[in-house]
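Hi,

Here is the structure I said I would pass on.

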Amino acid sequence: MAFDTIFALASGAGRAAVSLLRLSGPESGAILARLAGGLPRARMASLRRLRHPATAEVLDEALVLWFPGPRSYTGEDAAELHLHGGRAVREGVVEALLACGARPAEPGEFTRRAFLNGRMDLTAAEGIADLIEAETAAQRRQALRQAGGALAARYAGWSERLTRLLAHQEAAIEFAEDGLPNTLEEEVRAGAAALAGEIDAHLDDGGRGERLREGLWAAIVGAPNAGKSSLLNALAGREAAIVSARAGTTRDVVEVRLDLGGVPVWLADTAGLRETADEIEAEGVRRAQRRAEEADLVIAVFAADQAPDAATLALVAPGVVVVVNKTDLAPAPQRVGGMVPLGVSAREGTGLEALQAVLAEAATARAGLSEEANLTRPRHRAALAEAVAWLGEAEGAPLPELSAEALRAALRALGRLTGRVGVEAVLDVVFGDFCIGK
């Protein structure tokens with residue numbers, strides 16, 4: 001497949017000590033030779049003076065690297081220019097590249113070429129995109145596993161088994177009178193059922209991979225003046241929410257981003273739960289209740305110097321983190337709503353480390369941190385669910401021809417995961433989220 005030659009800045013756009021420009025395409029070698037006075041040894045950094053091809057003006061003294069295809073990131077001839085990071089240097093080199101016939105790359109075009117040239121599959125490409133966006137160590141580890149081919153290896157194994165089942169089913173149809181084993185069709189049906197069970201188990205993960213990739217939603221709920229805003233500020237380490245002794249100060253949802261055990265968490269402070277005639281506060285209470293219903297993790301907060309309120313007690317259930325705040329004013333009760341609470345004082349900071357540990361444990365449990373490759377995108381889940389449905393059709397098909405067609409459809413569904421078949425409609429979605437230069 002022939003492409004034109006592209007370039008992009010692969011480092012930050014601001015002033016820096018070094019800027020990195022990447023090239024890829026059939027003319028990369030010729031362009032590099034024109035700018036640098038010849039090609040350096042492959043994969044060896046070389047210090048060269050870069051000159052404009054039209055004027056011979058010196059643009060920079062830079063390190064250049066030459067990567068002849070197919071042993072490059074994109075699978076085609078590629079080069080890197082490690083420039084001084086000044087704006088004038090970058091603009092001069094970019095002008096020279098344009099003069100040589102290269103064009104600026106589109107977002108994700110380098111990785112898209114790597115996929116089209118067989119250097120990686122779609123799941124690995126998505127893993128690289130996640131690695132660029134990773135904010136926590138856990139997100140980084142998950143993205144590295146996916147970029148390294150962990151998901152692709154699992155799906156390739158399933159596709160290989162499914163291909164074998166389809167071959168056996170078609171053999172049973174085409175060579176029914178040639179002495180093939182009578183149990184062949186039964187073995188195909190049993191194999192389809194077993195494979196469907198494995199994929200179902202993979203799907204039954206509670207969305208942990210997606211949660212880790214996108215972040216968990218946690219909600220702090222409780223009565224007015226239970227110290228919810230103070231607790232949010234203490235956990236965030238900054239004054240994110242307004243704190244006041246006046247009840248009903250928080251009327252809308254206030255959110256902060258936290259890293260709990262390597263899991264990104266959006267922690268929301270909500271309006272105090274109570275009956276109110278104030279229209280604005282009532283809307284805040286409604287939003288608080290909705291956020292509690294939708295949250296992956298609920299933190300129910302009670303005040304040590306007040307009796308537990310019924311509205312918050314109604315939310316206490318297994319999986320909810322129960323906190324008694326303001327232990328500087330009164331001791332925490334031994335049980336609240338049948339559960340052992342965590343006693344803290346957001347004002348004095350006591351008990352916060354224990355609370356952070358509990359929250360981190362809860363977050364990692366919900367995000368499912370493990371060494372296994374988890375589903376990370378809705379399109380993975382949809383394609384696998386479709387494959388399971390077709391495997392079920394194959395298992396119960398009344399005719400062997402219908403079973404073979406169902407197995408073919410299941411194989412196509414698996415193929416869309418890695419990009420082996422029918423991927424045209426998803427390419428723009430997959431690569432459109434990349435940054436320029438990757």
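Helices (H or I, at least four residues) and strands (E, at least two) are DSSP runs, numbered from the N terminus. R377 and E126 are both buried, where buried means under 20% relative accessible area, exposed over 50%, and partly exposed in between (1.4 Å probe, protein chains only).

Before you go further: this is a predicted model, with local features needing pLDDT of at least 70 and side-chain atom pairs counted only at pLDDT 80 or more, while totals for chains, interfaces and linings use all residues. Residues are numbered from 1 along each chain as its sequence is written, and side-chain values use heavy atoms, leaving out hydrogens and water.

Back to the charges. The whole structure holds 22 salt bridges. In another of them, D328 pairs with R347, the closest N and O atoms being 3.7 Å apart. D328 is in the loop between β11 (321-325) and β12 (342-343) and R347 in the loop between β12 and α12, so the bridge ties together parts 19 residues apart in sequence. D328 is partly exposed at 27%, whereas R347 is exposed at 69%. Bridges that share partners also join E126, D130, R213, E214, R377 and R379 into one network. Then there is R103 with E109, at 2.5 Å between the closest N and O atoms; R103 is partly exposed at 26% relative accessibility, and E109 is buried at 12%.

Now a helix pair. Helices α6 (residues 150-174) and α14 (residues 400-418) pack at about 160°, their axes 9 Å apart; axes are lines fitted to C-alpha atoms, for helices over the stretch in contact, and angles run from 0 to 180 degrees between N-to-C directions. That angle makes α6 roughly antiparallel to α14, a label for angles over 145 degrees. Residues in contact (heavy atoms within 4.5 Å) include W158, L162 and L166 from α6 and L407, L411 and L414 from α14.

Cheers

Conventions
Angles under 35 degrees count as roughly parallel, over 145 as roughly antiparallel, 65 to 115 as roughly perpendicular and the rest as oblique. A salt bridge is a side-chain nitrogen of Lys or Arg within 4 Å of a carboxyl oxygen of Asp or Glu.
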